[in-house]
Amino acid sequence: MTKFFFIFIFMFSGFVFQQRPWELAIDKEGIKVYTRKTDSVAIKEYKVTMQVKSPVDTVLKKILDIKNLKNWSYRIAESDLVKKINDSTWIFYIHNDVEWPVKDRDHVSKVQLQKRKEDYVVLLTPYNDYVKEKKDVVRLTKFKGIWTLKKLDANHTQVTQQLYGDPESNIPAFFINMMIAKAPFYTFRNMKSQLEAKAAK
């Protein structure tokens, strides 16, 4: 059952209104994961950041490569492009394979790309009416997220992800909060390993 929490933490998230100081939860392998409590809900928000030896455009391409998201993001069973709206906006569908007895989760998101000088911001927001809900799969509807990619030099990028959301389950918030830093760490470690292996070729 704990694998469910890892899945929820990576993609199904949205920002809180009342901000408190970040607390460092994990700091290893060049990856830092922070969490913080909120005044509006019981589940913590998280932020994860790292520097990776890879050009910023290569990192962006990896994040937007929805077909291959399952190859580095924790327990993604299915990830598809539903529609390309324009060159900076897409509709993505993601299905998470969750261990029994917890039901699988899925979500549909609008993904919007913004370029700020040489840096990029990727925003994720719900777009739930676009794909029909599946039997025995819980549709997640309350989330937002942001990726920030900052060019450090031609071959190095600062990658940050900030996420929060509602897993829409009756699992106690304190138990989710105990696990909240682990999933983004695993995901960023996989991403870093793949990007730097590619850069080394």
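Start your tour in the middle: select Val 122, Trp 147, Leu 149, Val 159, Phe 188 and Met 191, the residues with the most contacts inside the largest nonpolar core, which has 36 residues. A nonpolar core here is a set of buried Ala, Val, Leu, Ile, Met, Phe, Trp, Tyr and Cys residues joined through side-chain atoms within 4.5 Å. Buried means under 20% relative accessible area, exposed over 50%, and partly exposed in between (1.4 Å probe, protein chains only). Next, colour helix α2, residues 56–64, which gives the most to this core, with 5 residues. In soluble globular proteins, nonpolar side chains tend to be buried together.

A word about what is on your screen: this is a predicted model, in which local features need pLDDT of at least 70 and side-chain atom pairs count only at pLDDT 80 or more, while totals for chains, interfaces and linings use all residues. Residues are numbered from 1 along each chain as its sequence is written, and side-chain values use heavy atoms, leaving out hydrogens and water.

**Zoom out**

Now show the whole protein as a cartoon and look for its 4 helices and 10 strands. These are DSSP runs (helices H or I, at least four residues; strands E, at least two), numbered from the N terminus. Following the sequence, you will pass α-β-β-β-α-β-β-β-β-β-β-β-α-α. Of the 201 residues in the protein, 48% are buried.

**Select strand β10**

Pick residues 156–165, strand β10, where 9 of the 10 residues are buried. Which strands pair with β10? One is β3 (residues 45–52), antiparallel to β10 and joined to it by 7 bridges. The other is β9 (residues 143–153), also antiparallel, with 10 bridges to β10. For strands to pair, DSSP must find at least two bridges between them.

Click Val 48 to find it opposite Gln 161 in β10, then Phe 143, which stands opposite Gly 165 in β10. Follow the chain from β9 to β10 and you trace a hairpin with 2 residues between the strands.

**Select helices α2 and α4**

Show the side chains of Thr 58, Val 59 and Lys 62 in α2, which meet Met 191, Gln 194, Leu 195 and Lys 198 in α4; contact means heavy atoms within 4.5 Å.
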